[in-house]
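Please keep the viewer open as you read.

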Amino acid sequence: MSKANKNGVREPLIHLSKRDSIHPGKALVIRLIAVVLGLVVCGLVAFLLIERLQQKPERIGDFYYSFIKGAFGTSRKFWKFLKNVSILLCISLALTPAFRMRFWNIGGEGQTLIGVLACIGVDFYWGGKLPEPLLLVLMLLAALAAGALWGTIPALFKAKWGTNETLFTLMMNYVATFLVSFFLMIWVTSGSGVLPQMKTGKLPTLGDNSYLLIILIVLALTIAMYVYLRYSKHGYEISVVGESVRTAQYVGINEKKVIIRTMILSGALCGLAGYLIGAGLDLSVSADSVGGQGFTAIMVSWLGKFNPLAMILTSGLIQVLNQGAAQISQDFDVPGALPNVIVGIILFFIIGSEFFLNYRVHFRKGKETVK
Amino acid sequence: MNMWLNFLIDAFAFGATFIYGSTGEILTEKAGHLNLGIPGIMCMGGAGGCLVLNMIGRSDLPPFLIVILGILGALVFSMLCGLIYSFLTVSLRSNQNVTGLALTTFGVGLMKVLMIKLDATIYLVGPKQMYRWPFAGRQDSLQALGVLFFMAVLIALAAGWVLTRTRIGLNLRAVGENPATADAVGINVTRYKYMATCIGSGIAGLGGFYYIIDYMASQEAYLSVEALGWLSIALVIFALWRPPLTIIGSTLFGLLFSCASFITNIPGITVTMAMKPLLQMLPYVVTIIVLVISSIRNKRENQPPASLGLSYFREER
């Protein structure tokens, strides 16, 4: 049934146009619908995958309740949730300045890992030989420098020769991973490949909670990053370079300088995240220290529209899903990787919903013709 | 002498995983889509094939049918992933990097959940020999090469021919370089993007399947498919976006990868265990060097497709 106008040209069934702006309330509703639809699909997929649920379909309520229980069930789980959000948010904040200038730094994983490696390396060689405060400062400096180095190498090549930064930073992740394996081979003489926890170089605890200091550091960083991107000259230059390199050149911004400066910052902050993981939590390093959070952070930053304050919510959402799915794995006896499946499905829906925020969809109406 | 031959054949066999992965990725990238979902797609391809084999592995079906059905299972699962990716990035114009990463998260997770339920004595033990046709049962190193290996080489050569020698290939490259121009001359941009992504995903998925069922043929093989997926994306750069070059590139990657475990067998060379990770790092370092050199030389034909990573919206041109 093809509809044709006077000229005999078929009018397409669906017509798209770009929105200029969208009411914030409407945007929120669209996003909520996406998350709810995603959760429904998660339920269906879970029904296919989880045998316990097939035997007792009435436990589907428990299934959804687990999302809340996983993150907020006990005070211990809640602190763990806050810690997980903080680390993920820290890496996301680090990547954000680069993304705002359309520099696709997908090397957050490697930049963070090399930060962990550097700070544990300092601890390994000088732990116990230096006073603890000095050691902690040295570890921090090493982590910042290592992260910055890992971020700056691709930036230099991007600025000088336009080398594709997405692919370059991706490769740097693996160089970092194998460097960690290399140092583990040297440091661990037993051959087990697992570095025992360090006795020195632990971040002090505030009050009686070992996570509180990390949470406060990341909170301060969030506000600082918001101010930096929004109100500083640097932040403005980053936005201009991101919008159009030509405009930047025209108004006299040296875009090469901005790219390199921003990537030093981005890499160094990833190094900071590595320091929080190394000195604050693990006191050890392994190829899996960052555990893919460098990649998740890319999605957190993008979902938060590169706005540091919104990213608190998006990293929170991801971690609710992660911990909730881990809880489901436990309650319904599903091995391992279920959180990835659930996070993936919800992400598909949120990513898809962006379309309805940016575009208006018009369907072909009755016999009307195109104006 | 024989030792060197074994080494080379092993590198060929290992490399076939990358031939699949990167040929698939090249097709997608030629349509202008940087698909970072390839690791997840390769995992899902592996899971799909094994799922089918888990159902028919012990049945009385003739071996060639079992081989074909396994391949079909891998194709269906990975092409479905490709469909999700292309719906989000082509129709809904989502950010390609974010969509790809989400797909990898999803695919790797789902594969791990699925594979743990399967029984390796059914999907692996019997079918493994069928996939090694025609060299199955031989005593020399040739027995490592099977149907899926030769298919990989053929697919890479065919993809190269289609891209450079046919009208379809020309149109596809036009879509990746400048979709607005392609649209203006009447090429259906959306259809090309969908087709290239889905076919590319199907090819990549076979790579994961091949690695699990044929090259490694072990129960834990599926755990390392993701890492190979990322390496396949690296290989695209190395092969300068030309499918036939992936054959050479992946053999080289295979050599670099397996030389870490092989080098200890060579008399006269002593390496400490600590050197092993450094050797394994080589493929990535070599890729970075190739990426840098090709950007410095800046020859037009060695560059990524011009609109790689950008969505196309007709009314915005």
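## A buried isoleucine in chain B

Let us start with B:Ile213, which sits in helix 10 (residues 189-215) of chain B. A word of care before going further: this is a predicted model. Is B:Ile213 buried or exposed? B:Ile213 has 27 other C-beta atoms within 10 Å, and the threshold for a buried residue is 20 or more, so B:Ile213 is buried.

Which residues does B:Ile213 meet once its neighbours within four places in sequence are left aside? The contacts are B:Gly49, B:Cys50, B:Gly70, B:Leu124, B:Pro127, B:Lys128 and B:Tyr131.

## Confidence

For chain B, the mean pLDDT is 89, with 96% of the residues at 70 or more. For the complex, the predictor reports an ipTM of 0.91 and a pTM of 0.90.

## Two positive phi angles in chain B

Most residues other than glycine have a negative phi. With that in mind, look at B:Ala217, where phi is positive at about 45° although the residue is not a glycine. B:Ala217 belongs to the loop between helix 10 and helix 11 (225-238) of chain B. Its 18 C-beta neighbours inside 10 Å make B:Ala217 partly exposed.

B:Trp241 is another residue other than glycine with a positive phi, here near 60°. You will find B:Trp241 in the loop between helix 11 and helix 12 (243-262) of chain B. B:Trp241 counts as buried because it has 23 C-beta neighbours inside 10 Å.

## Chain A in outline

Now to the partner chain. Chain A is built with 14 helices and 2 strands, and its C-alpha atoms fill a box of roughly 85 × 65 × 40 Å along the principal axes. Of the 371 residues in chain A, 45% are buried. What share of the contacts in chain A between residues at least 6 apart in sequence joins residues at least 24 apart? The share is 77%.

A:Thr169 gives a local view, placed in helix 7 of chain A. A:Thr169 counts as buried, with 30 C-beta neighbours inside 10 Å. Not counting residues up to four places away in sequence, A:Thr169 touches A:Asn105, A:Ile106, A:Gly107 and A:Pro154. The C-alpha atom of A:Thr169 is separated by 9.0 Å from that of A:Gln111, which is 58 residues away along the chain.

The strands of chain A give another picture. How many of the 5 residues of strand 1 of chain A are buried? The number is 0, so strand 1 lies largely in the open. Strand 2 of chain A is hardly covered, again with a count of 0 buried among its 5 residues. Strand 1 and strand 2 (residues 359-363) of chain A pair in the antiparallel sense over 5 bridges. Within chain A, A:Ser17 stands opposite A:Arg360 of strand 2.

## Where the chains meet

The contact between the chains involves 42 residues of chain A and 41 residues of chain B. On the chain A side, strand 1 (14-18), helix 6 (132-161), helix 7 (165-187), helix 12 (293-303) and helix 14 (338-358) each supply at least two residues. By type, the chain A residues that touch chain B are 30 nonpolar, 10 polar and 2 charged.

## The nonpolar core

The largest nonpolar core has 202 residues. Those with the most contacts inside this core are A:Cys90, A:Leu117, A:Cys119, A:Met139, A:Ala143, A:Ala273 and B:Ala47. Which residues does B:Ala47 touch, not counting residues up to four places away in sequence? B:Ala47 touches B:Phe77, B:Leu110, B:Met111, B:Leu114 and B:Met115.

Methods: Residues are numbered from 1 along each chain as its sequence is written. Chains are lettered from A and ligands numbered from 1 in the order in which they are written. This is a predicted model: local features need pLDDT of at least 70, side-chain atom pairs count only at pLDDT 80 or more; totals for chains, interfaces and linings use all residues. pLDDT is the predictor's confidence in each residue, from 0 to 100. A nonpolar core is a set of buried Ala, Val, Leu, Ile, Met, Phe, Trp, Tyr and Cys residues joined through C-beta atoms within 7 Å. A residue is buried if 20 or more other C-beta atoms lie within 10 Å of its own, exposed if 12 or fewer, and partly exposed in between; C-beta atoms are placed from the backbone. Two residues are in contact if their C-beta atoms, placed from the backbone, lie within 7 Å. Helices (H or I, at least four residues) and strands (E, at least two) are DSSP runs, numbered from the N terminus. Ala, Val, Leu, Ile, Met, Phe, Trp, Tyr, Cys and Pro count as nonpolar, Asp, Glu, Lys and Arg as charged, and the others, Gly among them, as polar. Two strands pair if DSSP finds at least two bridges between them.
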